[in-house]
Amino acid sequence: MAEGDRDEVAQATVVSKKSSRISMVWIIPILAAVIAVGIAVERILTEGPTITILLKVADGIEAGKTDVKYKDVKIGQVTKVELAKDSDGVEVTAKMSKRVANLLVEDAKFWVVEPRVTLSGVSGLGTLLSGNYLGFAVGKSTKPQRTFTALEVPPIITGGQPGREFTLKAHDLGSLGIGSPIYYRRLQAGQVIAYDLAGDGDVVDVTIFVNAPYDRFVNPNTRFWNASGVDVSAGASGLSVRTEGLVALLAGGIAFDTPSFAPKAAPAAARTVFILNSDRATAMKQPDPIAAYYVLYFTESLRGLSVGAPVTLLGLPAGAVTSVGLDFNPSTKSIRGRAEVVFYPERLVARLQQSQAALGRTLLQNLPERHALTQYLVEQRGLRAQLRSGSLLTGQLYLALDFFPDAPKAKVDWSLDKPAFPVVASTLPDLEAKITNILAKLDELPLQAIGSDLSKALITLDQTLQSTDKLVVGLDGKTMPELSSTFTDLRAAIASANGVLQDTDATLVGKDAPAQQELRDALQEITRAARSLRVLADYLERNPNSLVFGKSQEKP
Amino acid sequence: MTTATALRAGLVSCEACGLLSRAATATELGHCPRCGSELAWRRHESIQRTWALVIAAAICYIPANVLPVLTTTALGSTDSDTIMGGVVFLYTSGSWPLALAVLVASVMIPLGKLMALTYLLITVQRGVPGNGRDRTRLYRLVEVIGRWSMLDVFVDTFTVALVQLQPLMFVKPGPGVVFFAAVVVLTMLAAMSFDPRLIWDAGSTREGNHG
């Protein structure tokens, strides 16, 4: 480098300076670190629990897309969908929000929400656009759980809905399904929420949920019945059709009611077990706590007598046949028909007059007295059972209790478990015997003798007729002239009557008859009235507004 | 090295106006006689500043890749995408060139810049001599490509501004994009604060002043 160049280089000036060893620039990484750590801490603090849900099929469930929602609010998201280890289902892992961490308890429920169309309604339409999501229902337990098995069908009732759950024991499920309506006086009061075969497989347990205002109408005396389909009954008052509504008709349903005769009771506790009856009539039937069992022995045919056939007293229902069979007596080697019946005295007492009802009720409570009364009726009044034909067409028989004062004496042995009730032979074989009798007697009639007698009588009749003929001829000669003169007089009388009638005619309908004149005047009046009416009609047609505004002032 | 440098000749160039002047004393360089700005042998606190910015960028790089950069709400369902999520999505949906472009521009370049700057800083601090030419080339590359990493941020802002079909579909920026932008800006600043002359100082007799 040349010296001259160096001279041209300017000399730096000195200014006192403070030097700091640590640069202020370090604030930047510290700030970045603080922010990053802050975000990380916030993430960790808001981190909710991770749960596993076992599904049968991952129907529309996608990792990172499918949400878990509760009351339509997102509470989590599916992070992983994979086959279960035993490949019998799908394991869905979901990250839940911290807020719901304490709701994830043992009996919390998860299910896939997807569009569903059933007979009783359409649900989940929103998922058509947004895709399926997982529904959630809180449980009551406090024991936390992290692995859940999803329900296959969404629960109808999610936690918190006011109402009560009941269990119905049904013989079979019928057309019921989850969501089938429950009716109370034809108002929808709840739904079937579950059904299951009971442990021994004998009955179906149907779990129902009755919504809040209606659940207090369910008391221990309430009856439930299957309201599916139509109930058609024919009575003396005509045909009556009963159904709980169109949905019940299509999708099945359950109805409940408390019979009027049942005593008032407090609402039933939740999960009370009831019987599901097959129809309304069965459900609402009055119970027969007092039953008397009898056995009846018949020597006649029991064809047409079936279990359940009615037992009547003076034609009123009093019981039913419970068993039909045979009775073999080894000592006499005889076989006879045996019918067991149950007799409900309460039903007869219910038909007593108000004033006698109390008497009847005391009788019901007192067994010896009841036995004594029966004994008296049988022994003194001749109360007997008899087979009768219920229908000539079907040949069905029923048992009638009636009074046969002439019946042979009989007793009731109360010592037996099922006392034998005395019977009388049916009138049906009687009738047959009588007809046979009549035919036999008819056979014995002396038809030959009757025939010869008849021919004799005919000859006598012929003679009588001949003598009558002679009498008539005699009459002709004497009576005829007299009759002729009577006719002449009659003709004269008719002629004078004719004259009178002609006079009357002239007064009423002659040309200038007064009545005629007045009639003509009246007709002219009517003609005039009709003419003015026509004028009015014409005017109205031209000026219809005059109906409202009146007749306009005519201009001169 | 026998090459004459301004440092060895006791000359210093003003960072602001470029005027060459002689140092006032050996320890106190003094101020530029023309514009009055403080003189330094090398860029002021170059290594310390660069380190700080590189570390800050490295910290921001983690949330930039972990947090979502874009939140798409379409028909009621919300999707959050991170940068790598977008790359994977593009790749699986068949457009691998686009996936590669995003991967290079948004993931590899910022990471490469951070690594390159760290390498330069360490070698300079340790006073490693040799391959100074290569390191200078690396530094130039870092400085030139730095601004192109903002591609992701631009795409993000355009998408957010354009896709606003309110109830049906809308896009919101995620927190990741802020960190991503911070990474890009911080690495650019770091590259600017690094003094490439320090690379050559290692072989020279006099220690560069990096304090």
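Two strands are taken to pair if DSSP finds at least two bridges between them. The legends below refer to a predicted model.

**View 1. Strand pairing between chain A and chain B.** The bridge partner of A:Gln11 in E2(B) is B:Arg22. Strand E1 of chain A, residues 10-11, pairs with E2(B) in the parallel sense, over two bridges.

**View 2. The side of chain B that touches chain A.** Contacts join 33 residues of chain B to 22 residues of chain A. On the chain B side, two or more residues each come from strand E1 (11-13), strand E2 (20-22), helix H1 (46-66) and strand E4 (77-81) of chain B. The most is given by H1(B), with 10 residues. By residue class, this side of chain B comprises 21 nonpolar, seven polar and five charged residues.

**View 3. Packing of two helices within chain B.** Helix H3 (residues 96-126) and helix H6 (residues 176-193) of chain B pack with their axes 10 Å apart, at an angle of about 30°. Because angles under 35 degrees count as roughly parallel, H3(B) is described as roughly parallel to H6(B). The crossing in which H3(B) passes H6(B) is left-handed.

**View 4. Residues at the contact of H3(B) with H6(B).** From H3(B), the contact is made by B:Pro110, B:Lys113, B:Leu114 and B:Leu117. H6(B) contributes B:Val183, B:Val184, B:Thr187, B:Ala190 and B:Ala191. The residues of this contact are divided into seven nonpolar, one polar and one charged.

Definitions and conventions
Residues are numbered from 1 along each chain as its sequence is written. Chains are lettered from A and ligands numbered from 1 in the order in which they are written. This is a predicted model: local features need pLDDT of at least 70, side-chain atom pairs count only at pLDDT 80 or more; totals for chains, interfaces and linings use all residues. Two residues are in contact if their C-beta atoms, placed from the backbone, lie within 7 Å. Helices (H or I, at least four residues) and strands (E, at least two) are DSSP runs, numbered from the N terminus. Ala, Val, Leu, Ile, Met, Phe, Trp, Tyr, Cys and Pro count as nonpolar, Asp, Glu, Lys and Arg as charged, and the others, Gly among them, as polar. Axes are lines fitted to C-alpha atoms, for helices over the stretch in contact, and angles run from 0 to 180 degrees between N-to-C directions. Angles under 35 degrees count as roughly parallel, over 145 as roughly antiparallel, 65 to 115 as roughly perpendicular and the rest as oblique. A crossing is left-handed if the near helix is turned anticlockwise from the far one by less than a right angle, and right-handed if clockwise.
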